[in-house]
Amino acid sequence: MSTLKSGILRSSMEVGSRYDFRNGPKPLKNTDDLRLILLGTGDAGGVPLYGCKCPACERARFDPRFIRRPSTALVESRGTQVLIDAGLVDLVERFPPGSITAILLTHFHPDHVQGLFHLRWGKGPRIDVGVPPDPEGCADLYKNNGLLKFQRLQEFSPALFGDVRATPVPLMHSKMTFGYCLEAASARIAYLCDTVGLPSDSIEFLKQWQPDCVILDCCYPPLGRKPRNHNDVHTVLESADAIGAKRVILTHVGHELDLWLMDHAGTLPRHVAVGRDGMVIDDRNTEPSR
Ligand SMILES: [Zn+2]
Ligand SMILES: [Zn+2]
Ligand SMILES: [Zn+2]
């Protein structure tokens, strides 16, 4: 029985563990593997934030391991490579034609789709892009879709992308937004971003579904008020408790949260860790360092 089957996903979370894009992904060791690589863990402004001189932003300028790029994750299983969001603007350099099985968009805010504006004009096989049924999209993406083939997904209706099964769950955000419950072999990862709290039907689904690991939006440090559109540390822990998450990784992190974490090391519960660009989440790697 693999560690995945026992329901434990581990992650390599040494600060700045990097993904080697030039040489491509390492071959997976066995066919049960599912892994998710956080390519961009920043909020819309990213870290360092343009013009900001706070210690967290200065640290990221000095040490690139602390840079947070726009929201993008890569899910791999066997030969499948599915991107979750396309915030990175250099996707065309990272992924050669034919290497992307599909893209799943959480929603159409620019920091999650801006990489598509360049990619769409390329040549090569068409790329399926699963999206929430948002009639607006972003700018002219629906109209001038190029090689992108948009496919509207339905909440709680699973869809298969290569070897990865993705079930969309509605989130709470300023635009129609889906989280994705990702499954391959016996491994389950939930990717829930952007959101503040979770709708009750999504909580019920996730409680039943029992992911090995939950990746959750956490933009802000603990706020003295109810946050809007994105979680702070309080609401992210409430959501994690509500779904009974065994393991939680925070993403969509803003510079203020990084700053707070610099002064509050070890404050988060043991099952909660902070994501980093390049972090690999799978069944083999080491325990997180926080
Ligand atoms: Zn966002
Ligand atoms: Zn800053
Ligand atoms: Zn958003």
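**Notes on the predicted model**

1. In helix α1, which spans residues 55–62, the buried residues are Ala-56, Cys-57 and Ala-60. Because these three cover an arc of only 100° around the axis, they sit on the same side of α1. Among the elements that cover the buried residues of α1 is α7, made of residues 255–263. The coordinates come from a predicted model, and the points below should be read with that in mind.

2. As for the overall composition, the protein chain has seven helices and 15 strands. Of its 290 residues, 48% count as buried. Where contacts link residues at least 6 apart in sequence, 66% of them join residues at least 24 apart.

3. The largest nonpolar core holds 71 residues, and those touching the most other members are Ile-189, Tyr-191, Val-214, Ile-215 and Leu-216. Another core, of seven residues, lies apart from it and includes Val-47, Leu-49, Ala-56 and Phe-66.

4. Strand β12, residues 213–217, is mostly covered, since five of its five residues are buried. Cys-213, Ile-215 and Asp-217 point one way from the strand, whereas Val-214 and Leu-216 point the other way, and burial applies to all of them. Val-214, Ile-215 and Leu-216 are also among the residues that touch the most other members of the 71-residue core.

5. The pairing of β12 can be followed to two strands. Four bridges join it to β11, and these two strands run parallel; within this pairing, Tyr-191 stands opposite Ile-215 of β12. Four bridges likewise join β12 to β13, residues 248–251, again in parallel, with Leu-216 opposite Leu-250 of β13. From β12 the chain crosses through helix α6, residues 233–242, to β13, and this β-α-β crossover is right-handed. A right-handed β-α-β unit is also made by β11, α5 and β12.

6. Helix α5, residues 200–209, has Ser-202, Phe-205 and Leu-206 as its buried residues. Seen down the helix axis, these fall within an arc of 95°, so they line one face of α5. On the other side of the helix, Ser-200, Asp-201, Lys-207 and Gln-208 are exposed. The buried residues of α5 pack against β9 (164–170), β10 (178–184) and β11.

7. The loop between α5 and β12 deserves a separate look. Gln-210, found in this loop, comes just after α5 and takes a positive phi of about 55°, although it is not a glycine. With 13 other C-beta atoms within 10 Å, Gln-210 is partly exposed. Asp-212 has its place in the loop between α5 and β12 too, but it counts as buried because it has 25 C-beta neighbours inside 10 Å, against a cut-off of 20 or more. The C-alpha atom of Asp-212 is separated by 9.8 Å from that of Asp-282, although these residues are 70 apart along the chain.

8. A positive phi is also found at Ala-139, where the value is about 50° in a residue that is not a glycine. Ala-139 belongs to the loop between β6 (127–131) and β7 (148–152). It has 14 other C-beta atoms within 10 Å, and is therefore partly exposed. A reader checking the backbone may wish to view Ala-139 together with Gln-210.

9. One runs from Val-47 to Pro-48, with omega near 0°, and Pro-48 is found in the loop between β2 (35–40) and α1. Asp-194 lies in the loop between β11 (187–192) and α5, which places it between the strand and the helix of the right-handed unit formed by β11, α5 and β12.

How values were computed
Residues numbered from 1 in each chain as written. Chains lettered and ligands numbered in written order. Predicted model: local features only at pLDDT ≥ 70, side-chain atom pairs only at ≥ 80, totals over all residues. Buried ≥ 20, exposed ≤ 12 C-beta atoms within 10 Å, placed from the backbone. Core = buried A, V, L, I, M, F, W, Y, C linked by C-beta atoms within 7 Å. Arc of directions from axis to C-beta. Contact = placed C-beta atoms within 7 Å. Pairing = 2+ DSSP bridges. Right-handed = clockwise from strand over helix to strand, strands pointing away.
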